[in-house]
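Here is a short tour of one chain, meant to be read with the model open beside it. Please have a look at the fold before reading on.

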Amino acid sequence: MSGLIGAMATGSDRLAGAGLVAFSAVLFTYYTVWVICLPFIDDDHVINSYFLPREYAVLLPLVAALTLLLFMGIFVTFVMWKSQSPKKSH
């Protein structure tokens, strides 16, 4: 248990975590309203001006997922490249 004491979050870590949770909650609410509720509202309603066209509801998560996979691949490649031991010459 004493090893966990040094791993406690500081105030700035907690603030960053709370900010990420708040951002995620806002993004989840926006996306949920956009994808699930908006199709049932008339196209000429004023609320539609606050949302992107529906085509982006599929395109944006796809681009985000591909970008995440790209950066994960780059990270794994970099870690594997750095962890290789130099070959000894005979």
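The chain holds three helices and zero strands, so its elements read α-α-α from the N terminus on. Helices here are DSSP runs of H or I with at least four residues, strands are runs of E with at least two, and both are numbered from the N terminus. This is a predicted model, in which local features need pLDDT of at least 70 and side-chain atom pairs count only at pLDDT 80 or more, while totals for chains, interfaces and linings use all residues. Residues are numbered from 1 along each chain as its sequence is written, and side-chain values use heavy atoms, with hydrogens and water left out.

**Confidence**

The predictor's confidence in each residue, pLDDT, runs from 0 to 100. The chain averages 88, and 87% of the residues score at least 70. Helix H1 (residues 2–5) has the lowest mean, 54, whereas H3 has the highest, 95.

**Annotated spans**

The unreviewed UniProt entry lists residues 20–41 and 56–81 as "transmembrane region". Such annotations may be inferred rather than shown by experiment, and their positions are given in the numbering used here.

**Surface**

Of the 90 residues, 6% count as buried, a label for under 20% relative accessible area, with exposed over 50% and partly exposed in between (1.4 Å probe, protein chains only). The chain exposes about 8300 Å², and carbon and sulfur atoms supply 74% of that area, by the Shrake-Rupley method with a 1.4 Å probe.

Which helix gives the most to the nonpolar patch? Helix H3 (residues 56–83) does, with nine residues. Members of this patch include Tyr 30, Leu 52 and Met 72, and together the patch residues have about 1000 Å² of accessible area. Patch residues have over 30% relative accessible area and no salt bridge, with nonpolar side chains (Val, Leu, Ile, Met, Phe, Trp, Tyr) joined within 5 Å and like charges within 9 Å. Met 72 sits in helix H3 and is partly exposed at 45%.

**A charged pair**

Side chains of opposite charge can pair when their charged atoms come close. A salt bridge requires a side-chain nitrogen of Lys or Arg within 4 Å of a carboxyl oxygen of Asp or Glu, and the count is one. Asp 43 and Arg 54 form it, at 3.7 Å from N to O. Both residues lie in the loop between helix H2 (11–37) and H3, 11 residues apart. Asp 43 is exposed at 62% relative accessible area, while Arg 54 is partly exposed at 40%.
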